[in-house]
Each structure stands twice: as structure tokens, then as C-alpha cells.
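Okay, thanks for coming, everyone. Let me put the structure up and we'll walk through a few spots together.

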Amino acid sequence: MTFPSRIRGGLTRRRFVTGLGAGGLLASLPRTSHAFSSKASSGIIPPMPSDRWDLKIGHTRISLDGKTMHAPTAGGTVPGPILRFKQGDTVSINVTNTLNEPTSIHWHGIRTPSNMDGVPGLSFSGIAPGETFTYRFKLHQSGTYWYHSHSGMQEAMGLYGALVIDPRRPDPNACDRDYVIFLGEWTDVMPDDIVSNLKMQDDYYVFRQRTAASFPKEAREAGSAGAALADRLAWSKMRMAATDIADVSGAIYTYTLNGHAPDMNWSGLFRPGEKVRLRFINGSTMTFFDVRIPGLEMLVVQADGNDIEPVPVDEFRIGVAETYDVIVQPKDERAYAIFAQSEDRTGYARGTLAPREGMIAPLPPMDPRPVRTMVDMGMGNMKPGESMKDMDMSGDMSGMKMDGDMAGMDMHGMDMKGMDMSHMAMPKMEVDDPGPPPINVENQMRAMMPIDRTGSPGDGLENNGRRVLNYKQLRATRPGADLRPPTREIILHLTGNMERYIWGMNGRKFSESGPIRLKLGERVRFTLINDTMMEHPIHLHGLWSELENGQGDYRPYKHTIISQPGSKLSYLVTADTPGMWAYHCHLMYHMDLGMFRTVIVA
Amino acid sequence: MKHALSLTVLALAALSGTARADQPTYHAADAPEATPVVYIGNIKPAMDQGTWLHGIFNQLEGRYAPGGTDFRWDGEAWFGGDYNKIWLKSEGTLEKGRLSDGDHELLYTRSISPYWNLQGGVRMDLDDGPTRTWGAFGIEGLALYEFEFGATAYVSDRGRFAARIEGSYDFLLTNRLILQPQAEFNFYTKSDAGRQAGAGLSDVDAGLRLRYELWRKFAPYVAVTYSGYLTQARRIAHDQHDDTGSVRFSLGVRSWF
């Protein structure tokens, strides 16, 4: 049994302080961490669905891995209680706020009327201290979802939980055992402090940069010292870091599984031969997880609450706010580790599937941390040498801009659907193309040749010898509900300036932008071009995002879509529910620093 | 004083004109509309207009010499948002109970590009020597290859001009052990014997500091520093029987909040 989060990253100040204080705190606060092993975060779904739930929002003092926080919680635990509903029911949830500040609960991925979506400013004015707000809506969908606060930084501090909706018809994925696996992070650093630190120093939490000490290893990997040096100089000339994988790392985060730190080892029981359904939810603030269960094949049967044709995999990446349901069938009378390493490999969340309580499975070693490449820079598949001279950090891009009905076509003609549109004389589609984003205070780069990366499992997972899920494999079990072609395409660039820690779209943060207006009933294609070097899990409230991944009418319905760095992807949206909706990156500090838009359907 | 103020006014006027040079045409999610969205309860769903307060001592050190150790500081603090900030810079050397090289600036700072800021404001030379007041205008930011760089021009209340160029670079030996070369050069158009300033390149202050980041905000360091006068200023210092330049072994702490 290792205790990785203590060893890793050396002695940060936080760790130093909490390390000193932990003994005393634990002694004076008997069994505070017990809250984490209480029934609410056991991952066990309530035995029966209900159409009525009460949630009490209050402060709870919680200690985990020596990190104590006076956290806003639902029902006194982190995560909050698992809510179970039945499809077709009209449900009411009474949310009582006992905090001394306003709160809110957003039902992530649930299609509700806009006034029930729980976003202060867009849906309602929030739930005032002492007030009870009753959410009431009809559930048209089924599957695995989650809920979280949309007020201030409450979500980053622990105000979230899982939500399970039973299908009306018999569940094709019914199993002998059914667990929620809620992935998250825990820290005692206040979210505002994290943001403030990132504003002063963007790599504040990154302790795995390229250094003189790591140079010999890079030279070996690159083939020569010259090649390694050239690559370094290229990155440093761009004033960027190839090691920029996650903004906030295991230096302060303890990664959790159902609210359990790795050493607490959450356990789910099974009898050999049983089918076990695991409902993975990434409810973290800033962390992508790469999940596997060594020794077991996982059958991915649901993505973002919607059934898909089963895909057998060894591993999958789950972006912030996504959900995946997998089925495993352990045959042996032994323990299996659920191993979810953070994308930057600074830590992991872990749990165990075992025939008996108290068993421990061996943990695999962590993979090497990914390093960003020219693909992430939006340079397509160019080699580093040739790409650098073409890298446009400030010049004019007007030559690259397409116009008219060809605008849907990818720059280097790879995107066949754009070609088809023009050849088949389909009704002319209106294209809102802002063109390449400006290089300005809020945006430091442009993806010159964004490529389709939906076939890639993501940075750090390519060619790792395992079968890793990618977006192209997601195929819905039934055709989409709206098969009309889109009449409009909205192209959006995801932009940011890591150095100043500003995020936005089209080189503008939220406060400098207008709303995206959709006509009620309109069918729209959203095309996202990622001009940053990071993944962004983009979440559209209230409406489905139907990912165009080559599956035709069986394209998967998602609520959160990862846009990989240097990539271009698109999804279709039917604007069938009127109101004001939030549309944002679900990395919480990206969202709050500007990668957010208001979508108005009217 | 009049010159200093007028330069500052000019600087500020220039700065305010740099706001968003490239206004694109309207696209979805671009420009705010003529009739802004009315948010329920006037609650903005994302708070991207925050202000922050930070301060840093890049140098806070003792410079050892057999005759007596000098104490030197060089730091700055800023408050503001993504585009507009107020900076306070301060540096000085305490030498045998006498404060020299005391230079303090209050600057309005405007972000103009991904990595660069324009600055304009006032500089006060305030120490045990004669006091001087300057208007200041400069540029500050991150140059190619991640060099920290700053260049500032000054015009004094007596109609004189000066300039300062400073830069530093962080070599990561490991993720916590960082070697930082740093240098600052001062230029003047006319000599000012009272402040030991000479026409032309007047003085240089440089250091090679090896710090260990115990945590990000607290890093003790050892350093070799050099402080000295050049050309005409060197003669002035020499005539005043002052130290014209010396290499010192130094110990200090880099810290910020």
C-alpha cells in the first residue's frame, strides 16, 4: 500500500502545514472522515426510485487525506446523496439552503424547462439563505447523470452528487450489481486562492516541467541532445510549456472515488461470475481521469446517460462532467483495482472490486505523463522542425479563410461532409464563421491546421498497448430524434492565454461577449476549433449535443463534449426548449475566467 | 515636476488608445449586443472580471563584504484585472546605515498583447541622497524564449532623460531548484553627481541567483551579485571616494503573495 499523494511533488507549503496539523485536527475532530464511508457515498444506489427528494445544503467540516475544509455539501457528505428517479415521472426536489450565501443545484445533462436548470442569472435568481426551492420537472430521459451547484465556487468545494434515472422500459444493461463510481478531487486550498495563484503564475501547480535534470532522458527519447534542445527552444520561443497538461495537479489535489481517498480504498462487492455495472461520473473541478480495471475488460454501454452499442475496452478517458456506464464480469475470486489516474499523472483515484470486504488489489504503476506535441498546437501532423516556421503567432490569416457555402469545409479538404454539402446542392446553410481568432491579450495562439481528433483517445493514451475508447466508437442504440440537416453552422474557436490565465471563445471572455441566439426549433451545427493546448469539456445546458463522429443517424447524444487541443469537431443541436442556457467549458476555472457563453433559444 | 507630469499624461492618453485595436465584426458569441442580456437578479453566471492583488520581492538579500554587509531589496506589487492594473515598484540598498539607489515607481499598467504591458506613471528617487522626480513610460512583459524583460524611459522634473533596461531568465535545474541570471542597466542623458549618476550608461546591478522553491511563494537563494558604476558615473563615485563596483556573495529570499 503506497501513499502516493504524500510522496509526490515534494514538500509544498500546503502539505507542510497540513502535515503538521493533521494529527491534531484528527484528534480534536473525532471521525470527521467517517462521513465519507457513510451510506451516502458508498456508491450504492437507493433501492427504489422516488419522485420526491429533499436536499439540505449546508456547511460540513470534512477531513480527507489530512486536508480539512468547511465545505458546502448536499446532505452533509461529499459527494451528496445519490438520487434515484424513474423515467416519465414528474419529480420534485426540495432544496433547502442553510448556508449563509445563495446556492443552487444544476441537474447536469437533464433536459428541464429553463427555469428548472438551476443556473443563477439564467434560470432563476438562486436559492437565498434559509430558503427552500422546489425543483419540479418531468423526466423524459433515463441513465446516469449528476448534479452540482452553479453558484460561485461551491461545486469546486464539494457540492455535487450522482443522479440515476431508471428507464421506463426494461433496462438492456441491467446487472446483478450496480454501483455509482463518482470521481472527484479534494483539497483544502480555497478555489479563490487557486485562481489567484494561477493568475500570478500559470504553472503554479506544475512540478513536472522540463528541467536540466530531465534533459538526458529527453535526449534519449528524442534520439539526440540536439533534437531535444531544438524541441525545447521551439516551445520556449512560443512562451509555452509542453508539460502543461493540467492547471491544477496532485500537488494539492487528493483524487477521490466516491469521496474516498486512495488509501481509504472504496470497495464494491461482487460474487464471481456476476455482471457488475459501474456508473462512472467525473464530478471533478479540473481533472481528466484515465480509467482502467487491470484484469477486466470493460464493456462501455452508456455515454452521458444515453445507451450506446457496447464497446469492449481496457481503458477510457473521462473528461470533467462526462459519464460512462461500463459493465464488467469478474470471474475470479479475487480483488480488482479500479484505477483512475489523472491525465497529468500526478495522482490517481482508486477503488476495489472484491468478493469480500477489506481486500486489496495490486495497483499498476502510473503511466508516463503526456507531453504536448505539434498536434496539440493545431499544427496537424507536421513534424516539429517544419511546423515551427509556419507557426503563426501574430500574422494575418485572411488567406486561409473560406467564404460562402464552402465555409463548412475543413481547410485542408479532409472534412467530407462540407464537400458533400456543396456538391449535392443541399439547401444553402448559413455559416457564422468568425474567422481565425485575433492574437490579443486574451488569446495567445491559433490552430493553423486543426484536425479531427475524435478517433484519438487523447494525449497520453495513443499507442499505449491497450484498447482505449475514442469518440468515433460511440454509436447510439437508436437513431436520433431529429434527422433534419442543420440549417445553420456556428463556428466557435476555443481560445485562451495561459500566461495571463484568461479563457474564452473567439478571443473574448464571457463579459466581453454577446449571447448566441438560436431560433426555437432550429437545427444548428456547432463547430468547435480548439486553438489552445488543453482539452476543454464543453457543456451545453438544456439541449442535447449530438456528436458528429461518423455514425450517421446513430450519432451519440452527449451533454459534455471534449474538444481536444488542436482539433476541430462538430455536433448538432436541436433548439427545442426556449430560454437562457449556459454554455461553457466544464473545467471550472476556465469557465469562471471567461470560457462561457449564454445561449438564448427563442 | 511639470515635465514629469506632462509625460505621464501623454503616456496615459496613449495607453487608453490601445484598447482592442482589432474589433471584429459581429459573430455569434462575439460582441455584446446593443441591448445587453438582462440576467435574472442581475447575477452574472461567470465572474471573469475579478481583480487580484499580488506582490513579490525578487530580491531581498544581504550582500556580504568584509567591510560590512549591504542589504538590498527589489520588489513590486500590483492590483487590478486582466487589462488595467496599478503597479508599485520599489528598490533600494542599505549600505552602512545609508540608503542609496532608492527608486520607487507608481505605474498604471495596460495589457496590450498576449505577453506585453505598457506602463506609465511616476518615479521617485527617494533615499538619503537628493530626491528626484520622474515621469515614467515603458513596456514590460515576456519576450521570446520566456525572458522577462522591461524597458522604461524617464523624464525628470529638471528636464533630463533617463532609461532603464532590466531582464531575467529562469533556468530550471530541477522543478524547484532554479538558476536566475538577472541584470538592470541605467542610462542618463546628463550627470547628476548628487546621485552618482553619469551621462550615458551609468550603473549596472546584476545577479546570478540560485533559489530553491520550498514552496512556490518562498524560495531562499544564494547568489553572486555585482553592483557598480560605469563610464562617467564611475569617475564620480571614485572622486567621492565611494565603491565603484564590487562582486559580492549574497544570501536572500524570493517571496511573493
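A:Arg271 is exposed, at a relative accessible area of 55%, where exposed means over 50%, buried under 20% and partly exposed in between, with a 1.4 Å probe and protein chains only. Its salt-bridge partner is A:Glu274, with the closest N and O atoms 3.4 Å apart. By salt bridge I mean a side-chain nitrogen of Lys or Arg within 4 Å of a carboxyl oxygen of Asp or Glu. A:Glu274 counts as buried, at 12% relative accessibility.

Quick housekeeping. This is a predicted model, so local features need pLDDT of at least 70 and side-chain atom pairs count only at pLDDT 80 or more, while totals for chains, interfaces and linings use all residues. Residues are numbered from 1 along each chain as its sequence is written, chains are lettered from A and ligands numbered from 1 in the order in which they are written, and side-chain values use heavy atoms, with hydrogens and water left out.

Back to the salt bridges: how many are there over all chains? The count is 64. One of them joins A:Arg277 and A:Asp171, at 2.9 Å from N to O. A:Arg277 sits in strand β12 and A:Asp171 in the loop between β8 and β9 of chain A, so this pair ties together parts that are 106 residues apart in sequence. Strands here are DSSP runs of E, at least two residues, and helices are runs of H or I, at least four, numbered from the N terminus. A:Arg277 is buried, with 1% relative accessible area, whereas A:Asp171 is partly exposed, at 23%.

Over in chain B, the side chains of B:Asp125 and B:Arg195 form a salt bridge at 3.6 Å, N to O. B:Asp125 is in strand β5 and B:Arg195 in the loop between β10 and β11 of chain B, so parts 70 residues apart in sequence get tied together. B:Asp125 is buried, at 3% relative accessibility, and B:Arg195 counts as buried too, at 19%. Both belong to one network of salt bridges that share partners, with B:Arg72, B:Asp74 and B:Glu184 also among its members.

Now a sheet in chain A. It's an open one of four strands, in the order β3-β8-β7-β5, with mixed pairing; two strands pair if DSSP finds at least two bridges between them. Which strands stand at the edges? They're β3 (80-86) and β5 (106-108) of chain A, each with a single partner strand, so one side of each has no neighbour in the sheet. β3(A) and β8(A) run parallel and are joined by five bridges. A:Phe85 is opposite A:Ile165 in β8(A).

One loop to look at: A:Asp332 lies between β17 and β18 of chain A. A:Asp332 is partly exposed, at 44% relative accessibility. Its C-alpha is 9.9 Å from that of A:Gly295, 37 residues apart along the chain.

For the second largest cavity, 14 residues make up the lining, and A:Ser456, A:Pro457, A:Tyr471, A:Ile562 and A:Gln564 lie nearest its centre. A cavity here is a set of points on a 1 Å grid over the protein atoms alone where a 1.4 Å probe fits but cannot get out, and lining residues have an atom within 4 Å of a point.

Notes:
On a 1 Å grid over the protein atoms alone, a cavity is a set of points where a 1.4 Å probe fits but cannot get out, and a pocket is an open set with protein on both sides within 12 Å along at least five of seven lines; lining residues have an atom within 4 Å of a point.
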